[in-house]
Amino acid sequence: MEVGLLIKQKLAELKLEQRDLAVAAQVTESYISQLLSLKKLPPAPGRTDIYEKIEKFLKLRRGKLAELAEHQRLEGLKRSLAAEPVPLLKDVRELILGKCATGKERQVRAIFETHPFGEMERLVTQKLLDVVKKVAKDELDNEAWLRSVAHLAGRSYEGLRVSILEFLDTDVFSVSTEHCGSFLEPLIERWDIDIATFGLEIVLNRRLIAGHAKRVEFVEKEVEETGEEPGLKKFLKFEAVRADITEDEIEFLRKLRFKGRQPTALYYYRELQNLRDPLHFRTTSTRKGGKRNLGQSQPQGSVAPLHQFRYAREIEKQLQMDGRKGAIRRWDVDRGSRN
C-alpha cells in the first residue's frame, strides 16, 4: 500500500479533512493534496518529522508510514535511475556562480561552461546542497529560525516547511530554482574552491547560522590504523589500571600512533602518568566564575589524580620485570641462532 492511499483511508475513517491534517503536520493543504494524489513522492523517513505528526494525528502505529514510504521511494528511485539525468538549470548555475568568491568566479565559470554538468560543477553543487540540507534538517523544529528564513525568502512558515521536506530529498540531478531561492540564496554567503586540490570552503549566513564556516577537502591522506596496540592491550589487563583509568584516557592512548615501532605496556603506563601530571599542562582560568585549581591542569574530578593510581609501584615493577624477561628470552633466541 502507498502512503497517500493509507492516509486517505484514515481520513475517511476518522471523518477528517485534508486541511485538518495539514494543520497537524504544519504543512500546506496543497502539499497534503499532492501527497494523497501521488503527484509527489513521500519524503525520506530519516530526513523529516512529518510522519510522526501524521501518525499521531491519524492514530496510526508509529513507524507505519515510514515503512511504506521507504518502499515507495525505492520503486521511484528505480524508475528515475533508468531515465537520462537532466543538467542543471541555467538559473541554478547562475545563482551558484553568483555566490562564488570574488576573483574566482570567472575561472570557475569558464570550467563550468567548457564542461557543462561535468565533475566540478556536480561536485560544487552537491556539496553546497549537502551543507545547507544539514542545516535545514537540524533546524526543522526551530520555529523561530524557520520564520526568519521564510521572511528572507519571501515565503510563509508552512510553505517553507513544505519546501524543506522536498529540499531534503533533492540532489544535484533534481535541484530546482525554487530550492535555490528558498535555501541556497539566503543561507550561503559565499563559497571558494582550490582548483588544484578541490578544497571547498563554504561560508554561511552569519545572521542565521552559528558555525558559519565549513570546509570540504579532497586530498590524499594516510589511512589510520584502527587496531589496538599489543602493548596497550597488555597494559589494560591489569585490574588496578581498569579500576582507575577513564574512558577518555583509554581513547587518548588508543589514538597514539607509532611508525615501525611497537610500544610496550610500560610505555603506556608512563604515558598515562604524563597525562595525569598537572606540571605538564598550563592551567586555564579564562572562564567566568570558574575556580582556578593550583597545580591542576583540568577541573577537579575530570581525570583521576596521579596519587589515586593505587598500585602504581607494583604495576611499574611488574611491567619492568616483564620487559626484562622478554629481553632475556630474545637474547637466548639470538644466541641460539648464532651457535
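Helices (H or I, at least four residues) and strands (E, at least two) are DSSP runs, numbered from the N terminus, and by that rule the protein has 16 helices and three strands. This is a predicted model, in which local features need pLDDT of at least 70 and side-chain atom pairs count only at pLDDT 80 or more, while totals for chains, interfaces and linings use all residues. Residues are numbered from 1 along each chain as its sequence is written, and side-chain values use heavy atoms, with hydrogens and water left out.

**The protein as a whole**

- Of the 339 residues in the protein, 37% are buried, where buried means under 20% relative accessible area, exposed means over 50%, and partly exposed lies in between (1.4 Å probe, protein chains only).
- The protein exposes about 21,600 Å², with carbon and sulfur atoms supplying 50% of it; accessible areas come from the Shrake-Rupley method with a 1.4 Å probe, and for residues only the protein chains shown count as cover.
- Among contacts with a separation of 6 or more, 60% are between residues 24 or more positions apart, a contact being heavy atoms within 4.5 Å.

**Helix α15**

- Helix α15 has 12 residues and reaches 17 Å from its first C-alpha to its last, close to the expected 16 Å, the expected span being 1.5 Å times one less than the number of residues.
- The buried residues of α15 include Ala-265, Leu-266, Tyr-268 and Leu-272.
- Arg-276 is found in α15, which covers residues 265-276, and Arg-276 is buried because its relative accessible area is 7%.
- The side chain of Arg-276 makes a polar contact with the side chain of Glu-249 at 2.8 Å; such a contact is a pair of N or O atoms within 3.5 Å, and within protein one must be able to donate a hydrogen and the other to accept it, with residues adjacent in sequence counting only if both atoms are side-chain atoms.

**Aromatic rings**

- The structure holds five aromatic pairs, and rings of Phe, Tyr and Trp (its six-membered ring) pair if their centres lie within 6.5 Å, with planes under 30 degrees apart counted as stacked, over 60 as edge-to-face and the rest as tilted.
- The rings of Phe-258 and Tyr-268 have centres 6.5 Å apart and planes at 90 degrees, so this pair is edge-to-face.
- Phe-258 lies in the loop between α14 (247-254) and α15, whereas Tyr-268 is in helix α15, 10 residues apart.
- Phe-258 is partly exposed, with a relative accessible area of 23%, while Tyr-268 is buried, at 0%.
- Ring pairs link Phe-258, Tyr-267 and Tyr-268 into a cluster.
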